[in-house]
Amino acid sequence: MPRPSTADVQVRVRVASGSRRDGLAPAFVVPHAWTEDGISVDGGGTGAHLLLTAVACCVLNDVYREAQEPGIALAGVRVDAVGGFDSTTWSSTTIAYDVDVDSDAPQQVVDGLLAQVDEVAEIPRVVRGSVAVTRERSEA
């Protein structure tokens, strides 16, 4: 698993589906269209954990989505995400993820699938860009 750089605080989450759920004691389960038992989430409820959970769930979901068109059968997927955060500002300093796929497809095919997912996964793409997050007042 890649490690974030010199952040003050490191946070980890694991999300898993199918055969890769084995041994995971999830904090909660997210319903998922392409998996019978949903996505098990092992992680806390802090904002840092939830940010990493969003990244990891997006990657897991996109593995299933991108596997559909070429017909790659998946028995399970696990995504481990680790993030570094500044303890003063709680700004995210790094996010790294690792994907474990249980499939009978040749490793070269799985590697191509994961490269495609890395290009198209929406939440990682948003986080990689410069995003301004602002609070707006709603008029009642």
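Author: Let us begin with a definition: strands (E, at least two residues) and helices (H or I, at least four) are DSSP runs, numbered from the N terminus, and two strands pair if DSSP finds at least two bridges between them. In the hairpin of E4 and E5, six residues lie between the strands, and Trp-90 takes a positive phi near 60°. This is a predicted model, in which local features need pLDDT of at least 70 and side-chain atom pairs count only at pLDDT 80 or more, while totals for chains, interfaces and linings use all residues. Residues are numbered from 1 along each chain as its sequence is written, and side-chain values use heavy atoms, with hydrogens and water left out.

Reader: How do you know that E4 and E5 pair?

Author: The definition asks for at least two bridges, and E4 and E5 have 10, in the antiparallel sense; Val-82, for instance, stands opposite Ala-96 in E5.

Reader: What joins strand E1 to strand E4?

Author: Strand E1 (residues 9–18) runs antiparallel to strand E4 (residues 76–85), with 10 bridges between them; among the bridge partners, Val-13 has Ala-81 and Ala-16 has Arg-78.

Reader: Why is E4 called largely enclosed?

Author: Buried means under 20% relative accessible area, exposed over 50%, and partly exposed in between (1.4 Å probe, protein chains only); nine of the 10 residues of E4 are buried, so E4 is largely enclosed by the rest of the structure.

Reader: Why is Val-127 called partly exposed?

Author: Val-127, in helix H3 (residues 122–128), has a relative accessible area of 36%, and is therefore partly exposed.
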